[in-house]
Amino acid sequence: MPEPAPVMIATGPVLVPVPDADGSLDSAGAMACVFDATPCRMQAGRAIAAGVASLRSACVNTPAPQSRRYDVLFCDIDGCLAPESTGAMDLVSLAKVAEHNRLAQSRRDRPIVTLCSGRPQPFAEAMTKLLANATVPLVAENGVWVYDPATNAYIMDPAITREHRAAVREAAAWLEAEFGPVGVTQQPGKAASVSLYHPDTSVLKRILPRVRAEFEARAWPMRVSMTWLYINCDLAHVSKGTGLDRAVAMLPERLGHPIDRSRLAGIGDTPSDLAIRERVAWFGCPGNADAQLKAAADVVATRHEAAGVAELLKHFDP
Ligand SMILES: [Mg+2]
């Protein structure tokens, strides 16, 4: 059998014609190979017509070659993609993030933006639909949930036991009895944590030491921290960091190649986002971020919140 004609190495599928014995390439009986370099796979012994059909199919089904420096960018929501207050979302900037994500998924030339947030899972699920991420998992409720938009899987941290959730319910009942009468409310939608809100943030700052002391006295296995407008009471062994570790572990199967810190980027604005910083190679902050985060960032945007995120994403434009 004659040797296949030499071809240039390509990053996508190519047709390798095999001449007939007389050297012609147009015979119906000529053989062809379809070589797909991503991944390496060879299908030999097909007639030209079948080879062309296979090549066409391979071109349709094989993703564009990857040229991006980072695969995934984990972004906080409050203070980054949306105001933590009741203020309206910046839809113009969010549309830019969604367009970035459409290109990231079709061209594979920039990181896909997903979420790492303390917000309840339904809020984060809605946000990821808005941002057109249908590919990679997100982290919600400070690590309680990993949600996979590709499969619609809701994955609670398996390290959260029935006893842990009972402790959270007990703490929530005490918080409601103690601070409900002074107007402190609990953010709806949380499954294994409690977030306290009051329209006057000084009330939260005043009760914070009392909350911490009671949690310690009752040995509830929880961490008490403050964001711009909320007191967050989270299980001590669950965090944005543990959620990120679970989400990142799902990425190799999803993206088809190994993933380590060098392939990840992140954006955050408050100290809880240092968990993102520690797990990514590139980290950015919107201009409104906490000084501690700005000091740890590779790039700080001049603009605030979603406009700042859109500004940061321009660093990844090819
Ligand atoms: Mg934030």
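Where does Ala172 lie? Ala172 sits in helix α4, which covers residues 162-179. We will come back to this residue after a look at the whole chain.

This is a predicted model, in which local features need pLDDT of at least 70 and side-chain atom pairs count only at pLDDT 80 or more, while totals for chains, interfaces and linings use all residues. Residues are numbered from 1 along each chain as its sequence is written.

## The chain as a whole

The secondary structure comes to 9 helices and 15 strands. Both are DSSP runs numbered from the N terminus: helices are H or I with at least four residues, and strands are E with at least two. Of the 318 residues, 38% count as buried. A residue is buried if 20 or more other C-beta atoms lie within 10 Å of its own, exposed if 12 or fewer, and partly exposed in between, with C-beta atoms placed from the backbone. Contacts tell us about the fold too: two residues are in contact if their C-beta atoms, placed from the backbone, lie within 7 Å. Among contacts between residues at least 6 apart in sequence, 51% join residues at least 24 apart.

## The core and helix α9

In soluble globular proteins, nonpolar side chains tend to be buried together. The largest nonpolar core here has 68 residues, and Cys75, Leu81 and Val309 touch the most other members. Helix α9 (residues 305-313) gives the largest share of this core, 5 residues. At least three residues come from each of domain 2 (72-158 + 238-316) and domain 3 (162-235). For these terms, a nonpolar core is a set of buried Ala, Val, Leu, Ile, Met, Phe, Trp, Tyr and Cys residues joined through C-beta atoms within 7 Å, and the domain bounds come from an automatic or database domain assignment.

Leaving out residues up to four places away in sequence, Leu81 touches Cys75, Leu94, Met127, Ala306 and Val309.

Why is α9 largely enclosed by the rest of the structure? It is because 8 of its 9 residues are buried; among them are Glu305, Gly308 and Leu312. The cover over the buried residues of α9 includes β4 (72-75), α2 (91-107), β13 (264-267), β14 (282-285) and β15 (299-300).

The axes of α2 and α9 come within 8 Å and cross at roughly 30°; axes are lines fitted to C-alpha atoms, for helices over the stretch in contact, and angles run from 0 to 180 degrees between N-to-C directions. In this pair, Ser93, Leu94, Lys96, Val97 and His100 of α2 meet Ala306, Ala307, Val309, Ala310 and Leu313 of α9.

## Strands side by side

Strands of a sheet pair through backbone hydrogen bonds, either parallel or antiparallel. Here, two strands pair if DSSP finds at least two bridges between them. The table lists some pairs.

| Strands | Sense | Bridges |
|---|---|---|
| β9 (185-186) and β10 | antiparallel | 2 bridges |
| β10 and β12 (230-235) | antiparallel | 5 bridges |
| β6 and β7 (145-148) | antiparallel | 3 bridges |

Strand β10 (residues 193-197) is mostly covered, with 4 of its 5 residues buried. Leu196 in β10 stands opposite Gln186, and Ser193 has Asp234 in β12 as its bridge partner. The hairpin of β9 and β10 has 6 residues between the strands, and there Gly189 takes a positive phi near 100°.

Elsewhere, 3 strands form an open antiparallel sheet in the order β6-β7-β8. Because β6 (138-140) and β8 (153-156) stand at the edges with a single partner strand each, one side of each is left without a neighbour in the sheet. From one strand to the next, the twist averages 25°. Helix α6 (residues 240-255) packs on this sheet and touches β6 and β7, its direction making about 155° with that of β6.

## Two residues up close

Back to Ala172: is it buried or partly exposed? Ala172 is partly exposed, because 16 other C-beta atoms lie within 10 Å. Neighbours within four places aside, Ala172 is in contact with Gln186 and Val194. Ala172 and Leu196 are 24 residues apart in sequence and 9.5 Å apart in space, C-alpha to C-alpha.

Thr270 is found in the loop between β13 and α7 (274-279). Thr270 is buried, with 21 other C-beta atoms within 10 Å. Its contacts beyond four places in sequence are Gly79, Thr227, Asp290 and Leu293. The C-alpha atoms of Thr270 and Cys285, 15 residues apart along the chain, are separated by 9.3 Å.
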